[in-house]
Amino acid sequence: MIMLGLLTPTKYSRCVGQFFGRFKQTNRHRSFLSSGQSDEYIRSFITENTETAGEQSLTPEIKLRLFTPNCRFWRERPELWPFDDPYWAIYWPGGQALSRFLLDTPEVCQDKKVLDLGSGCGASAIAAKLSGAAHVVANDIDSVAAVATHMNCELNGLAPPICLTNNMIGSEPEGFDLILLGDMFYDEAIATSLHSWLDLCIKTHGTAVLIGDPGRAQFEGHGIRRLLRRLAQFELPESVREENYGLTCSSVWHYHPELYLN
Ligand SMILES: C[S@@+](CC[C@H](N)C(=O)[O-])C[C@H]1O[C@@H](n2cnc3c(N)ncnc32)[C@H](O)[C@@H]1O
């Protein structure tokens, strides 16, 4: 089995897993490089090293710049990759289900102030915008993801959301109506810190929380799982199943902390 980087989901895709496995060790500490690069450099790098895709996902109406087997770094020596692991170049199954759900039920976002935390390629932030959200913030600690999100918004003819790259987990909660978490329960430490921070956001601002997850072990085994109600489940398209070995469905969950009392 290929060992993956610390931030990589354990129930990983065969292709995506191999891809990230190659990045292990070589890229984990490269954020200092991306922070020193101009947006212009990052943009042209993304243009050269991704392909417009997304039609094979649960949201074919959203176009995204993603890694595909046609891209150079699918096979290139990972030490040549100049940034942190490119999570933003994959459209994760949890984010796909969440975005599909938002597009199918726009009233969930309509006129709302929405935070997409761990936004990656920005697809769920884009879905929130398309569904009529009043204000959308995309937050990802990888600054390259912010540039990718801008480019993906442009691809879809949308003005970009506000992109923040600070770690918001644990910070003073802001008054968001809705927090979106697409495939963020891939690491137990992140899941646990997220859980307490979400409770704080709900207590202080009554924020609603939606989680998209394809049944990863860290999610299914986490304490938050029994406080969730499933809102929707989607069968993953064939190509997404093939890429994500072992995953067949992805669900959207609504967090109800009051279930603690029952
Ligand atoms: C598995 S990807 C999911 C991306 C996207 N939501 C999707 O479903 O396609 C997880 C993302 O979370 C980001 N991330 C990890 N820790 C974070 C944190 N503390 N705050 C914000 N983003 C974080 C990573 O950089 C990565 O882009």
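This text walks through a predicted model, from its overall make-up to single residues.

Local features here need a pLDDT of at least 70, side-chain atom pairs count only at pLDDT 80 or more, and totals for chains, interfaces and linings use all residues. Residues are numbered from 1 along each chain as its sequence is written.

Start with the whole protein. Its secondary structure comes to nine helices and nine strands. Both are DSSP runs, numbered from the N terminus: helices are H or I with at least four residues, strands are E with at least two. Of the 262 residues, 46% count as buried. A residue is buried if 20 or more other C-beta atoms lie within 10 Å of its own, exposed if 12 or fewer, and partly exposed in between, with C-beta atoms placed from the backbone. Among contacts with a separation of 6 or more, 69% join residues 24 or more positions apart.

Next comes the core. A nonpolar core is a set of buried Ala, Val, Leu, Ile, Met, Phe, Trp, Tyr and Cys residues joined through C-beta atoms within 7 Å. The largest one has 66 residues. Val-114, Ala-128, Ala-148, Ile-179, Leu-180 and Ile-211 have the most contacts inside it. Helix H6 gives the most to this core, with seven residues. The core also draws at least three residues from each of domain 1 (14-89) and domain 2 (93-261). Those domain bounds come from an automatic or database domain assignment. Take Ile-179 as an example. Leaving out residues up to four places away in sequence, Ile-179 touches Leu-115, Leu-117, Leu-198, Cys-201, Thr-207 and Val-209.

Now look at H6 itself, residues 143-155. The expected span of a helix is 1.5 Å times one less than its number of residues. Ten of the 13 residues are buried, so H6 is largely enclosed by the rest of the structure. Val-144, Ala-146, Ala-148 and Met-151 are among the buried ones. Just after the helix, Gly-157 takes a positive phi of about 70°.

His-150 sits in H6. His-150 counts as buried because 20 other C-beta atoms lie within 10 Å. Beyond four places in sequence, His-150 touches Pro-160 and Cys-163. Leu-164 belongs to strand S5 (residues 162-164). Its C-alpha lies 7.4 Å from that of Ala-146, 18 residues away in sequence. Leu-164 has 16 C-beta neighbours inside 10 Å, so it counts as partly exposed. Leaving aside neighbours within four places, Leu-164 is in contact with Val-137 and Asn-139.

Cys-121 lies in the loop between S3 and H5 and is buried, with 30 C-beta neighbours inside 10 Å. Apart from residues up to four places away, Cys-121 touches Leu-64, Leu-66, Trp-88, Tyr-91, Ala-148, Thr-149 and Asn-152.

A residue is near a molecule if its C-beta atom, placed from the backbone, lies within 6 Å of it. Of the 25 residues around the ligand, Tyr-87, Gly-95, Gly-118, Gly-120 and Gly-182 come nearest. Helix H4 (93-104) and helix H5 (123-130) are the elements that give two or more residues to this shell. By class, the shell has 13 nonpolar, nine polar and three charged residues. Here Ala, Val, Leu, Ile, Met, Phe, Trp, Tyr, Cys and Pro count as nonpolar, Asp, Glu, Lys and Arg as charged, and the others, Gly among them, as polar.

Finally, the backbone. Most residues other than glycine have a negative phi. Asp-111 has a positive phi, near 60°, and Asp-183 has one near 55°. Are these two buried or exposed? Asp-111, in the loop between H4 and strand S3 (113-117), is exposed, with 10 C-beta neighbours inside 10 Å. Asp-183, in the loop between strand S6 (178-182) and helix H7 (188-205), is buried, with 26 other C-beta atoms within 10 Å.

Technical notes
Contact = placed C-beta atoms within 7 Å.
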